[in-house]
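Me: Got a structure I'd like to talk through with you. Can we go over a few residues together?

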Amino acid sequence: MSDHQLAAELATQAGELLLGVRTELADATEAERKAAGDKRSHDFLMAALAKRRPDDAVLSEEGADDPVRLRSERVWIVDPLDGTREFSELGRQDWAVHVALWESGELVAGAVALPAQGVTLSTPDVDPPAPNPAPPRIVVSRTRPPAIALQVRDSLGGTLVEMGSAGAKVSAVIQGLADIYVHAGGQYEWDSAAPVAVARAAGLHTSRLDGSPLQYNRPDPLLPDLVVCRPEYADAVLSVTG
């Protein structure tokens with residue numbers, strides 16, 4: 001099985017597990033659902049990668065950071081549950097599972113599962129989004145849209161689309177439901193690695209706010225800002241964010 005296929009399979013299976021957690025804990029508190037979802041998905045992914053790719057290192061949001069990854073040629077970067085708040089709110093669909101592979105300095109495979117939507121987006125073959133003749137749609141957090149996103153909206157005459165997790169936001173651009181995602185103010189490598197891998201496969205622009213490349217498997221996994229957008233908007237967006 002290829003790394004692309006494995007990423008998609010594991011993200012999908014972790015998502016199915018999380019749907020089961022939601023059903024099992026439907027009468028529990030949101031905090032209990034969050035904790036159970038994070039732990040069970042993390043445990044599943046760690047066990048599966050240890051079995052299927054035993055020689056590779058793993059960086060997971062929910063695991064201790066093992067410095068061996070910095071000496072490894074292949075590192076899986078995973079977010080077992082991206083959007084715990086949305087996951088904990090029964091009925092919400094804007095949460096995700098991220099599984100990406102970094103190899104020798106580059107993201108080489110990735111998958112984003114959107115379990116509540118029954119969708120997994122993965123490399124290597126992702127259709128580019130269809131053209132959007134309307135004003136650009138900028139996807140933002142439903143609770144705290146960053147000021148930079150509002151500046152992009154104002155500069156490009158766009159509209160805002162509110163959504164939950166980072167994976168769901170990038171997926172919306174990949175699926176053609178939005179055109180631009182800009183973020184500032186704090187994320188980590190696991191928040192964007194898989195979505196960025198899939199976005200690149202779909203032909204989208206990905207970078208830091210200043211236009212510099214997004215780099216992964218760094219000693220400090222903090223990766224606080226990014227741009228993912230349709231390529232025709234890249235120059236206009238970076239003229240604002242850079």
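Predicted model: local features only at pLDDT ≥ 70, side-chain atom pairs only at ≥ 80, totals over all residues.

Me: Is Asp191 buried or exposed?
Reply: The cut-off for buried is under 20% relative accessible area. Asp191 comes in at 13%, so with that cut-off Asp191 counts as buried.

Me: Where does UniProt place the feature "binding site"?
Reply: The entry is unreviewed, and it puts the feature at Glu61, Asp79, Leu81, Asp82 and Asp191. These span 131 residues in sequence, yet no two of their C-alpha atoms are more than 9.7 Å apart, so they gather at one spot. As for which of them the lining of the largest pocket includes, that's Glu61, Asp79, Leu81, Asp82 and Asp191.

Me: What is the relative accessible area of Asp79?
Reply: Asp79 belongs to strand β2, residues 74-82. Leaving aside neighbours within four places in sequence, Asp79 is in contact with Glu61, Val97, His98, Trp190 and Asp191. Asp79 is buried, and its relative accessible area is 1%.

Me: Which residue's backbone oxygen does the side chain of Arg137 reach?
Reply: Arg137 is in strand β6, residues 137-141. Beyond four places in sequence, its contacts include Asn132, Thr159 and Asp179. The backbone oxygen reached at 3.5 Å is that of Leu177.

Key:
Residues numbered from 1 in each chain as written. Heavy atoms only, no water. Helix = DSSP H or I, 4+ residues; strand = E, 2+ residues; numbered from the N terminus. Polar contact = N/O pair within 3.5 Å; in protein donor to acceptor, adjacent residues only side chain to side chain. Contact = heavy atoms within 4.5 Å. UniProt positions renumbered as here; feature names shortened; annotations may be inferred. 1 Å grid on protein atoms, 1.4 Å probe; cavity = no way out; pocket = protein on both sides within 12 Å on 5 of 7 lines; lining within 4 Å. Buried < 20%, exposed > 50% of the residue type's maximum accessible area, 1.4 Å probe, protein only.
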